[in-house]
Amino acid sequence: MATVGSAGIEPTEPGIGHGLLDVAKNRFLLHLLVKKELRVRYQASMLGILWSYVKPAVQFVVFYLALGVFLELNKGTEDYAVYLFSGVVVINLFGEAFGNATRSIVGNGALVRKIYLPRQLFPLASLQVAFVHFLPQLLVLVVGTLVAGWRPNLAQLAGGILAIFIVCTLAFGLGLLFGAVNVMFRDAENFVDLIIMVATWLSPVLYTWDRVANALSDVPWLFTLYQLNPLTAAVELFHWCFWYPATSGSSALPPNMIAFGFAGLAVSLLILAFGDFVFRRLEGRFAQEL
Amino acid sequence: MTSSIEIAGVGKDFRLNHSRSLKDMVVSKVRKKDRHETFQALDDVSVQVQQGESVALLGLNGSGKSTLLKLISGVMRPDRGSIRVRGRLAGLIEVGAGFHPDLTGRENVFLNGAILGMDEATIHRRFDEIVAFSEIEKFIDTEVKFYSSGMFLRLAFSVCVYTEPEVFLVDEILAVGDEPFQQKCLARIREIQDEGRTLVIVSHDLDMVQKICERGVVLERGHVVYDGESAGAVQQLRR
Ligand SMILES: Nc1ncnc2c1ncn2[C@@H]1O[C@H](COP(=O)(O)OP(=O)(O)O)[C@@H](O)[C@H]1O
Ligand SMILES: [Mg+2]
């Protein structure tokens, strides 16, 4: 065998990465990390990946009974079940991706401490795992809304895709941010659990937007703030895509919904840029702090 | 001659007390305890390693050997000085660091190969060799948690030695497996050397290290106290 030559290679400083650009070069490793995560999670579980149907199903039934039937939201909102589930699906994607990404660096501490890898791979793998769990829920949603008489147009379908894009960008950006901070302070993961819990209630998942608009009619800027929440934008876009085309179309859509969709995307991209910045600032200390 | 690793005036400090929660931080702030009590794990370390050279890194426990390897591999960043490395590097800081007990041997070979920087095609090409080297063909589709610790280390080591980096960093992993397997590992190390790859080895098996490496560097409480023939380094340590 010929001897290896590195004479022509420029020396580099170890441990200095190109952040997200390095991830593109490590797609195979990313794929294996996602596979590992899924394998390990469902190891020795009888239902396996079916759990990703069971959990949202139970959650849906509970919400539907409590809010739809007992609080009679059913009566005010056409096809409330579809309305409810399209929001729940979005929030679940956000919660799982964000929560797991936050824990991903500490959870892979054994690796982070011993081998140099682009560490952004771990939160990104969490996002992909969450997406794998999101797909069956999306399928159930599509079947449900078809039963309710779904007739979407192209713009509405594009709105759904935009919503998924917003949620993934936001969850990944926040996951980078809190995943890095969690290495220094384990309080971060508890704080994140709190955010995820609140997220379900701070966006129009269980109720409709007009109730918020009415309640805030004296302080319109607060309602604008409410709409600027990327999750609110994504949930409304999902309603527009999966619920609205199954109804008679008599419900009013939130004002400037599409504009707020793009605003939500812009906010998410800003958060991603900030998360990446903080992650890079802190990653040099990961190995010694873990 | 081309240098492979250039370490110039490197220092590394560690904080003595890590606080992992905001509460701890606030408490120590209130009690005015100095949170930033630091300790020098490495100080003014300068070493040049030429391409194709094999260097033994020796020293007592806690002298900073692993820390230096981590700085070279990029796992940690130096607080002072600079480090430059030419070519791809595989740091075997610990055998099996990337192994997961719930995955099969086969899955672990792929995962660990990728972690150590091999691409998909290379792992496929090398897979049979890796498994043959580890001699655990029969168990390759068994989950790693059912392996004996010897089998585990053999498979992990086999992945490592086939990653083909320009620079190898090896930390206390040469004492793997039984006598025949160790002989095989040594033979594989010689092959790696003959291919012109650079090796930095940490080991407490002084006799073996002397056989493999022509050069030895001795660390003592974070300082380089000897850099020369490996025989001399071993003597310095046995003093
Ligand atoms: N992440 C860390 N945080 C604080 N101290 C550390 C850390 N890693 C190593 N040290 C300390 O640095 C010193 C050198 O450690 P190490 O390089 O592992 O020694 P060796 O490998 O030579 O036995 C030890 O005193 C150890 O306690
Ligand atoms: Mg050590």
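A: Of the 290 residues that make up chain A, 53% count as buried, where buried means under 20% relative accessible area, exposed means over 50% and partly exposed lies in between (1.4 Å probe, protein chains only). The model is a predicted one, in which local features need pLDDT of at least 70 and side-chain atom pairs count only at pLDDT 80 or more, while totals for chains, interfaces and linings use all residues; side-chain values use heavy atoms, with hydrogens and water left out. Residues are numbered from 1 along each chain as its sequence is written, and chains are lettered from A and ligands numbered from 1 in the order in which they are written.

The secondary structure of chain A consists of 14 helices and 0 strands; helices (H or I, at least four residues) and strands (E, at least two) are DSSP runs numbered from the N terminus. The C-alpha trace of chain A spans about 75 × 45 × 40 Å along its principal axes. Among contacts (heavy atoms within 4.5 Å) in chain A between residues at least 6 apart in sequence, 82% join residues at least 24 apart.

A:Met257 belongs to helix H13 (residues 257-283) of chain A. Its relative accessible area is 8%, so A:Met257 is buried. Apart from neighbours within four places in sequence, A:Met257 contacts A:Glu236 and A:Trp240. Between the C-alpha atoms of A:Met257 and A:Ser86, which are 171 residues apart along the chain, the separation is 16 Å.

The aromatic residues come next. Over all chains, the structure holds 22 aromatic pairs; rings of Phe, Tyr and Trp (its six-membered ring) pair if their centres lie within 6.5 Å, and planes under 30 degrees apart count as stacked, over 60 as edge-to-face and the rest as tilted. A:Phe223 and A:Tyr226 form a stacked pair, with 5.9 Å from centre to centre and 15 degrees between the planes. Because A:Phe223 and A:Tyr226 are 3 residues apart in helix H11 (residues 220-228) of chain A, about one helical turn separates them. Both A:Phe223 and A:Tyr226 are buried. Elsewhere, A:Phe60, A:Tyr64, A:Tyr80, A:Tyr83, A:Phe85, A:Trp243 and A:Tyr244 form one aromatic cluster.

There remains the side of chain A that touches chain B. The contact takes 41 residues from chain A and 49 residues from chain B. Between them the two chains bury about 4000 Å², 58% of it on carbon and sulfur atoms; buried area is the accessible area (1.4 Å probe) that two parts lose on being put together, summed over both. Across this interface there are 4 salt bridges, a salt bridge being a side-chain nitrogen of Lys or Arg within 4 Å of a carboxyl oxygen of Asp or Glu. A salt bridge joins the side chains of A:Glu13 and B:Arg77 (3.1 Å, N to O). Helix H2 (27-41), helix H6 (109-114) and helix H14 (286-289) of chain A each supply at least two residues of the side that touches chain B. H2(A) gives the largest share of that side, 7 residues. The residues of that side comprise 22 nonpolar, 8 polar and 11 charged; Ala, Val, Leu, Ile, Met, Phe, Trp, Tyr, Cys and Pro count as nonpolar, Asp, Glu, Lys and Arg as charged, and the others, Gly among them, as polar.
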